[in-house]
Amino acid sequence: MKKSGIGTWVGFVLIMVWCLLPVAWIVSLSFKSLQETSTGSPQFLPKHATWDNYKVLLGMTADKSSSHDFLAALRNSFGISIIATFLAVIIATLAAYAIARLEFKGKRLVLSMALAIAMFPVVALVGPLFDMWRTFHLFNTWPGLIIPYMTFTLPLAIWTLSAFFREIPWEMEQAAQVDGATSWQAFRKVIVPLAAPGVFTAAILTFFFAWNEFVLSLSLTSTTASRTVPAQMSFFVGPDPFNPPYSQLATASVIVTVPVIVIVLLFQRKIVAGLTSGAVKG
Amino acid sequence: MSTTIATPAATQQPEKKVVFSDRLVAENRLGQRLVAPAVILMLLVTAYPMLQALYLSLFRYRLTDPSNKSFVGVGNYVTILGDSLFWKDTVNTVIIMVVTVAIELVIGFAFAMVMHRIIFARGLMRTSILIPYGIITVVSAFAWQFTFSINNGWVNSWFGWLPGISSTTNWYGDHWHAMFAIMVSEIWKTTPFMALLLLAGLSQISEDMVEASKVDGATASQRLFRVILPNMKAAIMVAVLFRGLDAFRIFDNIYVMTKGAQNTESSSFLTYRQSIEQFQLGMGSALSVLLFLTVLLLAYLIVKFFKVDLAQARGEG
């Protein structure tokens with residue numbers, strides 16, 4: 001089976017075109033000038049490539065009006081995603097450790113609850129959450145997004161981590177204790193290094209979720225005080241709704257995609273393992 | 001410490017359930033304490049709002065006019081189920097779900113086969129395949145919106161020679177063209193994820209079995225349909241379950257590409273519009289409850305469908 005025939009080569013090229021062509025197209029669009037796209041520019045490459053869109057969006061020009069909202073949203077996206085990831089991973093690690101390692105009443109209940117939430121249509125909650133968040137003064141705040149983002153990524157994080165924790169040879173911890181280590185030392189020196197890659201994978205998947213989330217950000221925010229980039233981009237239409245600033249939108253797209261690409265480039269092996277371990281071994 | 005040494009590797013022993021020792025009481029309590037934060041959070045942010053939705057769905061309740069909250073019983077549900085827009089949106093959502101998942105299964109399986117066989121550039125392939133998956137859905141929707149635009153897109157200029165497409169085709173001008181554009185954007189983004197799930201299933205099939213069937217004279221299509229696919233049933237079920245429910249929740253693509261124009265609204269879109277844009281929290285909550293019930297029913301049907309199939313496969317084999 002393991003041979004690369006001509007079919008495999010053709011398949012390889014097709015997959016590369018599939019994955020990269022639309023991305024190359026946004027990158028190319030981001031280098032077209034606003035004038036070029038407003039008059040119509042169906043050719044793939046820009047006529048005169050320009051950095052203007054990047055300069056405008058990143059606030060490097062005198063006119064700060066269009067960069068202000070985008071940079072605020074970018075800041076919100078980073079802050080909210082990182083805090084939500086950090087907290088979700090701590091909570092999920094505790095739960096996954098208990099599920100993989102301990103016997104306790106209600107274990108199956110927790111796992112089925114996580115599964116139910118993973119399938120949950122998030123949009124079904126926006127109405128009641130909108131109402132609740134206004135009552136608790138969480139509407140249009142960072143915690144107002146961090147709390148649901150943590151919750152909705154918990155199932156994936158718990159499943160990934162408990163699948164991972166089950167593979168760890170826990171007897172090594174006891175062996176270290178027999179050799180004279182205290183239980184804390186045994187845990188820190190033996191288990192933590194083994195568990196770290198799994199925790200890290202769960203963190204990447206959680207970050208992806210928070211970075212990507214749209215409908216809650218759209219519903220539970222009202223200003224750039226907490227609105228994240230995906231929602232902000234949908235407000236980014238410009239003065240003429242029939243002629244949106246295509247090239248600036250493409251530039252914003254490229255800027256928010258860069259962190260994702262960097263993470264993918266660095267950790268592709270772990271991400272694939274994490275995505276499939278929960279589903280297949282689950 | 002003495003307890004750990006006295007009962008080494010006791011965590012895997014089934015008999016400890018019989019003897020309910022102090023250690024097990026402690027383990028039980030520790031386990032429950034460790035999962036407590038996760039459970040509390042999940043109950044607070046999903047279970048409670050869902051009950052709230054169930055309650056609100058029985059009222060006529062507009063956020064802009066909260067004093068005018070009046071009990072209507074199942075009135076909202078009656079209104080919704082009698083409304084043709086609700087059914088149109090449900091049909092749209094089901095079409096999007098069935099078409100995209102079916103196409104993704106076929107293309108995703110082809111991708112998985114290629115990835116399984118390839119012996120060069122594995123890292124490059126794995127990185128590339130994660131890019132559509134990792135990209136923000138809103139960004140991917142924008143990219144495809146530009147792609148299908150009349151004056152700026154490459155679909156019309158590259159594929160204008162195909163029957164039914166010209167350089168002036170307006171993809172957002174009618175229902176089916178717009179639905180097509182939405183489904184393309186959905187399929188592009190999620191096929192790689194499908195491929196990864198199927199690849200995981202594919203790599204669990206033993207090479208020996210495939211080789212043995214080859215030696216026994218099975219043709220390529222026999223190997224595919226009689227050996228490889230039946231052995232991937234679990235992986236395919238997981239993929240269909242996850243992607244099917246995911247596709248049923250479609251929202252971002254539609255919001256960005258058409259905002260629901262040309263009758264392209266999905267069930268999620270209708271729920272969002274009622275609750276958030278029109279402040280009809282009572283009606284929106286009723287839609288939320290219906291959406292939730294539909295997803296539950298779908299999950300049940302998908303699992304049941306595959307289970308029946310599995311039993312049949314076992315009976316025949």
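Author: Rings of Phe, Tyr and Trp (its six-membered ring) pair if their centres lie within 6.5 Å; planes under 30 degrees apart count as stacked, over 60 as edge-to-face and the rest as tilted. This is a predicted model, in which local features need pLDDT of at least 70, side-chain atom pairs count only at pLDDT 80 or more, and totals for chains, interfaces and linings use all residues. Residues are numbered from 1 along each chain as its sequence is written, and side-chain values use heavy atoms, without hydrogens and water.

Reader: How many aromatic pairs are there over all chains?

Author: The count is 40 aromatic pairs over all chains. In one of them, the ring centres of A:Trp18 and B:Phe111 are 5.5 Å apart and the planes stand at 85 degrees, so this pair is edge-to-face. The pair joins two chains, because A:Trp18 belongs to helix H1 (residues 6-30) of chain A and B:Phe111 to helix H4 (residues 84-117) of chain B.

Reader: Is B:Phe111 buried or exposed?

Author: Buried means under 20% relative accessible area, exposed over 50%, and partly exposed in between (1.4 Å probe, protein chains only). With a relative accessible area of 7%, B:Phe111 is buried, whereas A:Trp18, at 22%, counts as partly exposed.

Reader: Which residues form one aromatic cluster?

Author: Among them are A:Trp25, A:Phe44, B:Trp144 and B:Phe148. Both B:Trp144 and B:Phe148 are buried.

Reader: Where does B:Lys69 lie?

Author: A charge sits over a ring if NZ of Lys or CZ of Arg is within 6 Å of the ring centre and within 35 degrees of the ring normal. B:Lys69 lies over the face of B:Phe59, 5.2 Å from the ring centre.

Key. Chains lettered and ligands numbered in written order. Helix = DSSP H or I, 4+ residues; strand = E, 2+ residues; numbered from the N terminus.
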